Amino acid sequence: MSAAPSPAPAPPDDEAPRYRYGATLANEIEGRWQDRWEAEGTYHAPNPSGELSGGFERVAGRPKLYVLDMFPYPSGVGLHVGHPLGYIGTDVYARYKRMSGHNVLHAMGYDAFGLPAEQYAVQTGQHPRVTTEANIATMRRQFRALGLGHDDRRSVATTDIGYYRWTQWIFLQIYHSWYDPEAGRARPVAELVAELESGARLAVDDEHPEGRPWSSLSAAEQRAFVDDHRLVYRDEAPVNWCPGLGTVLANEEVTPDGRSERGNFPVYKRPLQQWKMRITAFAERLLADLDLIEWPERIKAMQRNWIGRSVGARVDFPLAHDPSTAIAVFTTRPDTLFGATYLVLAPEHPLVGELVAGSWGDADPASWRGAGLAGVVEGVPASGWGSPMEAVAGYRRYASSRSDVERQVESRVKTGVFTGAFAVNPTTGEHVPVFVADYVLMGYGTGAIMAVPAHDQRDFEFSAAFGLPVVGVVRPPAVWFAEHGLEADTRASAWPEAFTGDGVHMASANEGVSLDGLATAEAVAAVNTWLESVGAGEATVTYRLRDWLFSRQRYWGEPFPVVYDEDGLPVALPESMLPVTLPEVDDYTPTVVDDDRLPEPPLGRAKEWAEVVLDLGEGPRTYRRELDTMPQWAGSCWYYLRYLDPGNEAALVDPDVERYWMQGSTQERQPAFGGVDLYVGGVEHAVLHLLYARFWHKVLFDLGHVSTPEPFQRLYNQGYILADAFTDERGFPVEASAVVADAEGGFSFEGRPVRRELGKMGKSLKNAVSPDAIAAEYGTDTLRLYEMAMGPLDADRPWSGRDIVGVHRFLQKLWRNLVDEETGALRVDDRAPGDDLRRTLHRTIAGVRADMEGLRFNTAVAKLIEANNALTRTLAQAGAGARAPREVAEALVLMLAPLAPHVAEELWARLGHATSVVWTELPTADPALLVDEEVELPVQVAGKVRARVRVGAGADEAAVQAAVLADEAVQAALAGRAVRRVVMVPGRLVNLVV
RNA sequence: GCCCGGGUGAUGGAAUGGCAGACAUGGUGGCCUCAAAAGCCACUGUCCGAGAGGGCGUGCGGGUUCGAAUCCCGCCCCGGGCACCA
C-alpha cells in the first residue's frame, strides 16, 4: 500500500466472482478514493478567516470540533499495526462528527527533532534533516494509505525552520516574563522593571533586590535581580547527567531507579549551569486546573502526584552560637515541633559551610564524627574524621559521588555527620544538634528538616544509628501499643518504630502555647498560629515539582535564541533576529575534553557560527552563541496551535482563528473551558509532554496569546496493541514472524525452542506486524474496521491475525447484499423495507450514533454487523433475485463510512450519488420505530426466569400482570404458591415474589 | 508500603441494578462442490438428562436488594503509577 507494496496475494481469482469484495477489489477501490480525496481536498477544514478560510461559508453554521492526536516521531522503520490504533479512532470520530454537522479540524504533524536521527547521523555522517525528511515522507504515505482524513495543508514538522522560528519566539516570550505571585500569573518583565523603577514595587514576594532600594543597585545588580525572576533562567545546580545519551535530562525524563526514560542508561548528578524554566511558579494552577478538564482520573492522579503539593509550615531554628542566623525547615507536622530533637541539612545546603564548627565537642560520639563511614568512604579513620570541617567536606564529597542509582539500590541505611553546631528549638528553647545527611534533599522544601524521631520513620532510623533522643509528643492509641507488644504508654525511647498516625498531643506546652490534649489537626492550627505570632515561622505549602531543566547537549534540536556577552552573561536575541537556524557541522558527536567535564555539545564544532558579531543596541560586538539546544518536548508543547494557522508568518496563530477552534467547546458540557475538544494519545506522556504543554499554554494565556487557560479539554488514552513475542534461551527476543509452532504445542525458531510471552508490539520485542501486509491481504478498510472492532479504544488488546477475517467477511457480505458479485450490478431497489427490518435499522442508527459519540467503536461495529445480518436474512427469505431496499442500503453505507470510508464511498457512488459520503449527513433514528409494537417480557419467579410473555408495548401494569398470571408456564413455576408481591420494570421484566 | 485500573466461555470481548456471554474468532455438524473456502445453514458456558427440562455459573468469602457481573465490606491474583519529598 505504500511506496513498495508487498505483492497482493494471488486472489483465488480463477473462479472467484469478478466483483466479490476481496483484497484485489478493496485495494483498487482504496487507491482510487485516496487519489480523489487528495485531488478534491475533501478533508480541508476551513478557518473562519485568513489564508485557509476558503469555503468557510459552507460550514459557517456548524459548530466547530478540534480532534487531535499526539503526533508521532517519524522513525525510520515505519509503522506497525499498533501505531495507528489511536489515529484510526480519532479519524472515525472526526468523520462521525463531520457527518453529524460539525466543522471538524483533524490534522497530523511530526515531532521530528530527537535522538534517533542524531545517532544515525553520528554513525553515518548523514545530516539528520535528510533522514528525518525521508522518514516523514514514508510516514505520510502510510497515513494516506490508511485513509486517515487529515487536512494535509496543516501538517507541520517541529524541524521546519518556519515552525521552530516560533518555538524560539515562545521561548523569548517566556524569557521576557516573570511570575507575579500577587497577581497569580505571568507578566512581562518590562512591567516588573517599570514598577521597580517607579517605586511602585519594592520587592517580589518579600524579596528585596539585594535588600536595598532598586535605585541604589548597580546596572549589573539590577540585571541579576531581573534575571533571577525570569520564567527562563540560568541555574547552577546538580543536574541529571546521562553519559549514555550525551546530555542532561529533566527530572521527568529520569525513572525512579535513576535511569533515562529513553534508552534506560544510568544517570548521574553533576553540578552544571543550565537553562531552566520556572514551571514551579505554576504548580498551584497546574494542580487546581486539573478540575477544569475531562481527563482520565489516572492521568490526573499522576500529575497531582508529580506536582506533589504538601501543606505544612516553615519553622526557623536560630543557631545557638549566632541567633541572628536561622535555619528554615519545612515540615508537614508542625504539631510535633516539641519533639524535634535534631536538625538535618542536605549536603548541598548553602548554610552548611557557614555553621560548621571548628572542632568536635568532647562528648560527640564517634558515629557523629563519621566513624560509620570508615571502610565505606576512603580516608576515614576508624574513629571518624578529625574535625567537623573535615567531616562535612568529606561527607559532601561522598554524597555527591553517589549516583541516584546507588542511593536507590543501596538499602536505605541512614548516613550523615554532625556539623558541630547547635540550633534552638523555638518551642522548648533546647539546643539541638545539626547534622548533614543525604536523606534530606536540597531540592525539596528548604533543604533542611527538623527531625522528630518519635513520629517520623526516617528520623527514627537516623536517631537509632546516631544515638539521638526520641521524645514522644503524640500519644498513640492503645491498639498501637498492643500491636507492638508494648505496655500501654511505654516511653517513646523504647518504641520499636515511629508512630506516625493521629493521636492526642502531650508534653507540648510552653508559656505561649499548649498543644496538650489536642488532636492532630487542632494542634497543627494552634502551633501555626503561635509560630506566626512570635515570628518563628508560618504555615506554607511546598511542591515536589522542580523547575524544568531545558538544556540539552545535542545537535538535532532547536537552537536557543540567546547569546553571551563578554561578561558571560546571557542576552536574548530580538524577535527580528529569528529564526536562529542550526549550523552545518562535519561531525555530530559531542567533543569530550576530559572525563570530569561534560562533553562540549556538537554545536561547538561550528566555530564560525558559535562566535558572532551582532548589534544588539550597543553597536557591533562579538558574542558567543548558546551551544546547547532545546529538549524534544519544546516543539511538542504547542504544535496543536500551529495546526490552526500553519502558514502565518506574522504570529504563531491568528487570534481570530485561535478563538474559533480553541474557545467554547461545542460539547454539551457546562461550563466549557475550551481547548482541544478531543486529544488522543498514549499514557506514557502523563507527566512529560502533557505537563510541559499545559505550562507553556498557561504562560501564553497569561500573556494574551491564547484565549483558554488549558490546552486540552478532553483527553483520552488509547490502549496498546500487544502481540506474542518469543525469546530464546538467553531471554533475547527473536523475530516473531519466523517462529513456528511445533507438534507438542511449543514454539521454535530456527530449530531451537523459544518461549512465548505477550508484549507491547514493537521493534524491541521483534513482534511487529506491518499494516502494509494486512492491507495487501484484506484491504485497508478491513484493517481499520478490525482495529476498531477488537475491543474498547482505551484497552490494551492482543493482535490476532486469526480474528481479522471476521470483519473482512462482514464487508464482503454487506457488499454482496448491495452489489452482484458476478456482474457488478447494483442489487438495490426502491421498495420500502418490511416493518421488522426497518425497526432493526432504526435501532441500529440510534445505537451506532450513541456508540460513536462515546468512542465505543467496537459495539458500533457489532451493531452494524447485526443489521447487515438481518438484511442478509431478509434477502435470503425473499429468495433468488431479491433486492435490498434502498432505504436500508443507504443508511448502512453512511453508518459504515466513518469506519471504512473507501468501501463506503464506492458503494455510495454505486448507489448513484455524485458527492462524497464524507460530507453527507448521517441518518437519524425515528423514535417511533425504536419501540416494538409487542414486547416479550421475561417473567421471573423468585428471581429466576421461568417464562416469557408477549404483551403489547403500551399495555398498562394491570394488563401485564393479568397476562403474566394467565400464562401456563408461570402457573407451573408457581406450583400453587401465592404471589406476595409483583415487581414490574416497564418494558424490561416482571418478577413474582413468592 | 501508598494510589489508580482490572479479573466474565477455548479466544477478543458485550451487558454498569432487570433475560449473563451481544458481535466476532475458533470448534462441531450439515449444504454447495470433482475438491475446496475468505461461500451458505445450524449448534456451540458448564454439569445432569435420550428428550422435555433442570442444577450450577461473571477471581474468593460475606452483605444490601424482589432482583447483583454491576452497589457495599473483607480477601486473593494481574497490570500500571508513586515511594528517604520531611
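Is S916 buried or exposed, and at what relative accessibility? Keep that in mind as you go through these close-ups of a predicted model.

Figure 1. Let's start with the big picture. Chain A is built from 30 helices and 35 strands. Its C-alpha atoms fill a box of roughly 110 × 90 × 70 Å along the principal axes. Of its 994 residues, 54% are buried. The chain exposes about 42300 Å², and carbon and sulfur atoms supply 51% of that. Now look at how the chain meets itself: among contacts between residues at least 6 apart in sequence, 70% join residues at least 24 apart. As for charge, you'd count 96 positive and 136 negative side chains, with the centres of the two sets 6 Å apart.

**Figure 2. RNA strand B and the protein around it.** Which parts of the RNA come within 4 Å of the protein? Of those atoms, 66% belong to sugar or phosphate, and the rest belong to bases.

Figure 3. Zoom in on T331, where an N or O atom of the side chain is 3.2 Å from a sugar or linking oxygen of the RNA. R802 also has a sugar or linking oxygen as its partner, with a polar side-chain atom 3.1 Å away from that oxygen. Several elements give two or more residues to the surface near the strand, among them helices α10 (297–307), α24 (804–818) and α26 (857–878). Strands do this as well, including β9 (326–331), β32 (934–941) and β33 (944–952).

**Figure 4. S916, in a loop between a helix and a strand.** Time to settle the opening question: S916 counts as buried because its relative accessibility is 12%, and the cut-off for buried is under 20%. You'll find S916 in the loop between α28 (901–910) and β32. A polar atom of the S916 side chain lies 2.9 Å from the backbone nitrogen of V918. Leaving aside neighbours within four places in sequence, S916 is in contact with W37, T42, E905 and W908.

**Figure 5. R95, a buried arginine in helix α3.** R95 lies in helix α3, which covers residues 84–98. Why does R95 count as buried? Its relative accessible area is 3%, and anything under 20% is called buried. The R95 side chain makes a polar contact of 2.8 Å with the side chain of D91. A polar atom of the R95 side chain also lies 2.7 Å from the backbone oxygen of G147. Not counting residues up to four places away in sequence, R95 touches W37, Y43, G147, L148, G149, R784, A897, P898, P901 and V918. So W37 turns up in this view and in the S916 contacts too, going by the 4.5 Å cut-off for a contact. One more distance to look at: R95 and H106 are 11 residues apart in sequence, and their C-alpha atoms are 9.4 Å apart.

**Figure 6. Helix α23, mostly covered.** R784, one of the residues that R95 touches, is among the buried residues of α23. This helix spans residues 780–789, and nine of its 10 residues are buried. Those nine are T780, D781, T782, L783, R784, L785, Y786, E787 and M788.

**Figure 7. T629, a buried loop threonine.** T629 is found between β21 (620–625) and α18 (633–636), in a loop. T629 is buried, with a relative accessible area of 1%. A polar atom of the T629 side chain lies 2.9 Å from the backbone oxygen of R554. Setting aside neighbours within four places in sequence, the contacts of T629 include F550, R554, Y555, P559, F560, L582 and L603.

**Figure 8. H455, a histidine in the loop between β13 and α14****.** Even in a loop, H455 counts as buried, at 5% relative accessibility. The H455 side chain reaches the backbone nitrogen of V473 at 2.9 Å. H455 and T336 are 119 residues apart along the chain, yet their C-alpha atoms are separated by 7.6 Å. With neighbours within four places in sequence left aside, H455 is in contact with T336 and also with V471, G472, V473, V474, W495, A498, F499 and T500.

Note on methods
Residues are numbered from 1 along each chain as its sequence is written. Chains are lettered from A and ligands numbered from 1 in the order in which they are written. This is a predicted model: local features need pLDDT of at least 70, side-chain atom pairs count only at pLDDT 80 or more; totals for chains, interfaces and linings use all residues. Side-chain values use heavy atoms; hydrogens and water are left out. Helices (H or I, at least four residues) and strands (E, at least two) are DSSP runs, numbered from the N terminus. Buried means under 20% relative accessible area, exposed over 50%, partly exposed in between (1.4 Å probe, protein chains only). Accessible areas come from the Shrake-Rupley method with a 1.4 Å probe; for residues, only the protein chains shown count as cover. Lys and Arg count as positive and Asp and Glu as negative; His and the chain ends are not counted. The place of a charge is taken as NZ of Lys, CZ of Arg, CG of Asp or CD of Glu. A residue is near a molecule or strand if one of its heavy atoms lies within 4 Å of it. A polar contact is a pair of N or O atoms within 3.5 Å; within protein, one must be able to donate a hydrogen and the other to accept it, and residues adjacent in sequence count only if both atoms are side-chain atoms.
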